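Me: I've got a model open on my screen and I'd like to learn how to read it. Could you walk me through it, feature by feature?

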Amino acid sequence: MNRHLISAADLSLDDALLILDTADELAAMAERPVKKLPTLRGRTVVNLFYEDSTRTRISFEAAAKRLSADVINFSAKGSSVAKGESLKDTALTLEAMGADAVVIRHSASGAPHRLASWVQGSVVNAGDGMHEHPTQALLDAFTMRRRLGRLEGLRVIIVGDVLHSRVARSNVHLLSTLGAEVTVIAPPTLLPVAVGNWPCSVGYDLDAALPKADVVMMLRVQQERMNAAYFPTVREYSRRYGLDVGRMGLLPEHAIVMHPGPMNRGVEIAAEVADSARSTIVEQVANGVSVRMAVLYLLLGGSNAGAEQS
Amino acid sequence: MHAAHDARDTNAGSPPKVVLEPAEISRALTRIAHEILERTSGARDVVLLGIPTRGVPLARRLAQRLEQVEGRPVPAGSLDVTMYRDDLRLRPARALRHTEIPPTGIEGMIVVLVDDVLYSGRTVRAALDALGDLGRPRAVQLAVLVDRGHRELPIRADYVGKNLPTSQREIVRVLLDEVDGKDAVQLGVRPPAAPSGAAGGEAHS
């Protein structure tokens, strides 16, 4: 594995499987009386969050603490960033405090990549702008494998605001590495220009795709990133691309419904669907801790010199 | 048991010497099984936990023998100690192995840890720490197929298949049918280029 986890596209098949297999063993630990391992004792993990986040930050914090690492939480609000400190100066401060790993979320695509050149420790991308969110893709793949038993040949459709979604981009890259067949489905205005270069197929008709899908992943409509009119009204979007009970009925018996959260109930996903037995939304949160433990262990658990793993 | 083979005769470059044949491994395990029965009054409340990789099939084989004698199943499982090792930072992060605790659990039980080679004792220390996070056994005992000496911690085995005096330059390799396709214990010499501690594969316990 690389020293950093910046992009799901950087992961080889072996790396991805190593992370998923490690997460499998760590998930079993969550049922023990003592849910803590001594592995990262004395190591420091900094959560550097420039964007609001609940589940990702808490998930990384829980993962680091279960491995006995010291966790420092840093959010841009109420810090010297509000006084105008640059990312580089913040990075140098963290460096001076001896951070072994920095988990960063930033609204600018590429911020983790820049950070990696300034700090000695490992950098883990927890979502950068519209670029990538690799640990989310890993936990999604982990959830699919646990529910359906395999990833190879799995037909996955990713529906909704693909343009603004770092989750979609990371999932497309990771799932294609793992051998799944991915189709993204969205209104043409919500597809990135370069989607033709992604290792996936593209569709516009959700109803036609549902009967053949093993997994349907709904994306949040990211209104906070929308600076133009991408669709006429929320209701119209919801009618064509929202997953309601009727549409869920088109899915094969075994298919699962995923959502990275937070959900807009009633927009991209109906409440009945989100709370149904097919939905893995709560499971995804629990799996997130195991997957992030695996990532932190594999990045920090060994010697620094041996970061280029055989 | 046979007298210990003279390990110092093994020269660098020569093929590894076989110190235990399949029949001898089988006899050693049968003897250990009987010793466990004696010391635990019929293996009541015993859980066998093998340390991956080769401790796991050894634990299974011991469980079979205990069942043959006592006529009731003895639970066997595996305990991965990777996350508890004290040498994690000396090598790249390693893949985890499977931990499988039998449904009886370990609370109040007599846990017999099973490993192939006892060497520095550090693996066993890690296993004791791992057990502590799983529950509180009534007692913990240790069974090994080969004790090669050179302990670095105050740890000893309760059941030993064969005491094998070695020099630290030598490598003890345990091969088991379930993992390697055949049964044998071999004694070889570590290639001079290999860094100490890294060679020997699974036999660094």
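**Reading the fold**

Reply: Let's start with contacts, where two residues count as touching if their C-beta atoms, placed from the backbone, lie within 7 Å. In chain A, among contacts between residues at least 6 apart in sequence, 75% join residues at least 24 apart. Bear in mind that this is a predicted model, where local features need pLDDT of at least 70, side-chain atom pairs count only at pLDDT 80 or more, and totals for chains, interfaces and linings use all residues. As for labels, residues are numbered from 1 along each chain as its sequence is written, while chains are lettered from A and ligands numbered from 1 in the order in which they are written.

Me: How many helices and strands are there in chain A?

Reply: Here, helices (H or I, at least four residues) and strands (E, at least two) are DSSP runs, numbered from the N terminus. Chain A has eleven helices and nine strands.

Me: What does the radius of gyration say about chain A?

Reply: The radius is taken over C-alpha atoms, and the globule rule is 2.2 Å times the number of residues to the power 0.38. For 310 residues, a compact globule would come out near 19 Å, and chain A agrees because it has 19 Å. Its C-alpha atoms fill a box of roughly 55 × 45 × 35 Å along the principal axes.

Me: Which residues of helix H3 in chain A are buried?

Reply: Burial is a neighbour count: a residue is buried if 20 or more other C-beta atoms lie within 10 Å of its own, exposed if 12 or fewer, and partly exposed in between, with C-beta atoms placed from the backbone. In H3(A), residues 87-96, the buried ones are Thr90(A), Ala91(A) and Leu94(A). Looking down the axis of H3(A), these buried residues fall within an arc of 100°, so they line one face of the helix; the arc is that of the directions from the helix axis to the C-beta atoms. On the other side of H3(A), Lys88(A) and Ala96(A) are exposed. The cover over the buried residues of H3(A) includes strand S1 (44-49), strand S3 (101-106) and helix H4 (111-116) of chain A. Just after H3(A), Gly98(A) takes a positive phi of about 80°. For chain A as a whole, buried residues make up 47% of the 310.

Me: In what order do the strands of the four-stranded open sheet in chain A come?

Reply: Strands of a sheet pair through backbone hydrogen bonds, either parallel or antiparallel. For us, two strands pair if DSSP finds at least two bridges between them. The order in this open sheet is S2-S1-S3-S4 (chain A), with parallel pairing. S2 (70-75) and S4 (122-128) of chain A stand at the edges, each with a single partner strand, so one side of each has no neighbour in the sheet. Neighbouring strands are turned by 15° against each other on average, direction ignored.

Me: How many bridges join S3(A) to S4(A)?

Reply: Five, and the two strands run parallel. Val102(A), for one, has Val123(A) in S4(A) as its bridge partner. S1(A) and S3(A) also pair in the parallel sense, over five bridges, and Leu48(A) has Ile104(A) in S3(A) as its bridge partner. Helix H11 (residues 281-300) of chain A packs on this sheet, touching S1, S3 and S4 of chain A, and its direction makes about 150° with that of S4(A). Axes are lines fitted to C-alpha atoms, for helices over the stretch in contact, and angles run from 0 to 180 degrees between N-to-C directions.

Me: Is S4(A) largely enclosed or left open, and why?

Reply: Seven of the seven residues of S4(A) are buried, so the rest of the structure largely encloses this strand.

Me: Which residues is Gly149(B) in contact with?

Reply: Leaving aside neighbours within four places in sequence, Gly149(B) is in contact with Pro165(B) and Thr166(B). Gly149(B) lies in the loop between S5 and S6 of chain B, and counts as partly exposed because it has 14 C-beta neighbours inside 10 Å.

Me: How many residues of chain B are in contact with chain A?

Reply: 16 residues of chain B are in contact with 19 residues of chain A. On chain B's side, they divide into nine nonpolar, three polar and four charged. Ala, Val, Leu, Ile, Met, Phe, Trp, Tyr, Cys and Pro count as nonpolar, Asp, Glu, Lys and Arg as charged, and the others, Gly among them, as polar.
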